[in-house]
Amino acid sequence: MLKEILKEFIQYRELLLALTFRNIKIRYKQTIMGFLWAIFMPTIVVLSGIMVKKAMSILTGKPLELTQIISITVKALPWAFFVGALKFSANSLVANMNIVKKIYFSKEVFPVSYVLAQLFDFLIAGTTLAIIFIFVKIPISIHILWIPLILAILVLITMGLAMILSCGNVFFRDVKYIADVVLTFGIFFTPVFYEAGMFGKWKTILLLNPVGSILEAINATIVLHKSPDIFWLIYAGIWALSIFVGGLMIFHKTEPLFAEKI
């Protein structure tokens, strides 16, 4: 069954790309800042994190170090991607209700197209950050080669959640608002502004959040110049695969009811 779902999904890859480009075009249409919006949200997250770190340094009497700022920066970008993708995709089916009702095709392309559009923003922000790091001569190591795998896990988990939230929002409009609230405050329960190791024996609880494990893996490879914790990376990978497959199955099972409920 899963093979058939994936096969049908791949058949509509051209439609997926068309919707992704449409979402990118709509997002930047008639905006003054244009593609600068792609780095605006990550910048706000980084500045917020720096303020939190500065407050902590004042309270503890320890100076704020450059590595702490770099750590916040490299984790803020994937976090902004994760939050932005889910917020946009949660309402993707309802926002396109006229098409959903009238034309038959694999509806998974709607939430996935919003994730890919957000991934485009992430690539712009990531490229900008890489240029800044080169300019200020931030050192890199061989461990940065882990990044494509870690980001693939993050994208997979984001796509799975996007499908679950979007079809849930068709039946209960509360889903979009609940997702907004959880994602807004989720930053305090995910190691974006801080490292999980700061919490001692509570570290394990923070890493049970697979997104937290992914962010810690990114921090390890880019900032600490070492391999990510393999156990927690596999843990996040298993979660990502389970959520993606689960999202596909749930979406496929509820899809026949979309036209009636939307």
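Axes are lines fitted to C-alpha atoms, for helices over the stretch in contact, and the angles between N-to-C directions run from 0 to 180 degrees. Helices (H or I, at least four residues) are DSSP runs numbered from the N terminus. The model is a predicted one, in which local features need pLDDT of at least 70 and side-chain atom pairs count only at pLDDT 80 or more, while totals for chains, interfaces and linings use all residues. Residues are numbered from 1 along each chain as its sequence is written, and side-chain values use heavy atoms, with hydrogens and water left out.

With these conventions, helix H1 (residues 2–11) packs against helix H12 (residues 230–254) at an angle of about 80°, the two axes being 11 Å apart. H1 is therefore roughly perpendicular to H12, a label given to angles of 65 to 115 degrees, whereas those under 35 count as roughly parallel, those over 145 as roughly antiparallel and the rest as oblique. H1 contributes Leu-2, Ile-5, Leu-6 and Glu-8 to the contact, and H12 contributes Phe-244, Val-245, Leu-248, Met-249 and His-252; contact here means heavy atoms within 4.5 Å. By class, seven residues of this contact are nonpolar, one is polar and one is charged. Ala, Val, Leu, Ile, Met, Phe, Trp, Tyr, Cys and Pro count as nonpolar, Asp, Glu, Lys and Arg as charged, and the others, Gly among them, as polar.

Helix H4 (residues 66–90) can be examined by its span. The expected span of a helix is 1.5 Å times one less than its number of residues. For the 25 residues of H4 this gives 36 Å, and the end C-alpha atoms are 36 Å apart, so the two values agree. Of the 25 residues of H4, 19 are buried, so the helix is largely enclosed by the rest of the structure. Buried means under 20% relative accessible area, exposed over 50% and partly exposed in between, with a 1.4 Å probe and protein chains only.

Which residues does Leu-165 contact, leaving aside its neighbours within four places in sequence? Leu-165, found in helix H8 (residues 147–171), is in contact with Leu-86, Ala-90, Val-175 and Ala-179. Its C-alpha atom is separated by 22 Å from that of Met-41, 124 residues apart along the chain.

In helix H2 (residues 13–28) lies Ile-24. Ile-24 is buried, because its relative accessible area is 10%. Beyond its neighbours within four places in sequence, Ile-24 is in contact with Phe-35, Ala-117 and Phe-120.

Helix H3 (residues 37–60) includes Leu-47, and Ile-39 also lies in H3. Leu-47 is partly exposed, with a relative accessible area of 47%, and Ile-39 counts as partly exposed at 24% relative accessibility. Apart from neighbours within four places in sequence, Ile-39 is in contact with Ala-125 and Thr-128. Leu-47 and Val-245, the latter one of the H12 residues in the contact with H1, are 198 residues apart in sequence and 36 Å apart in space, C-alpha to C-alpha.

Two loop residues conclude the account. Lys-137, in the loop between helix H7 (109–135) and H8, has a positive phi of about 60° although it is not a glycine. Lys-137 is exposed, with a relative accessible area of 72%. His-225, in the loop between helix H11 (210–222) and H12, has a phi near 55°, a positive value in a residue other than glycine. At 30% relative accessibility, His-225 counts as partly exposed.
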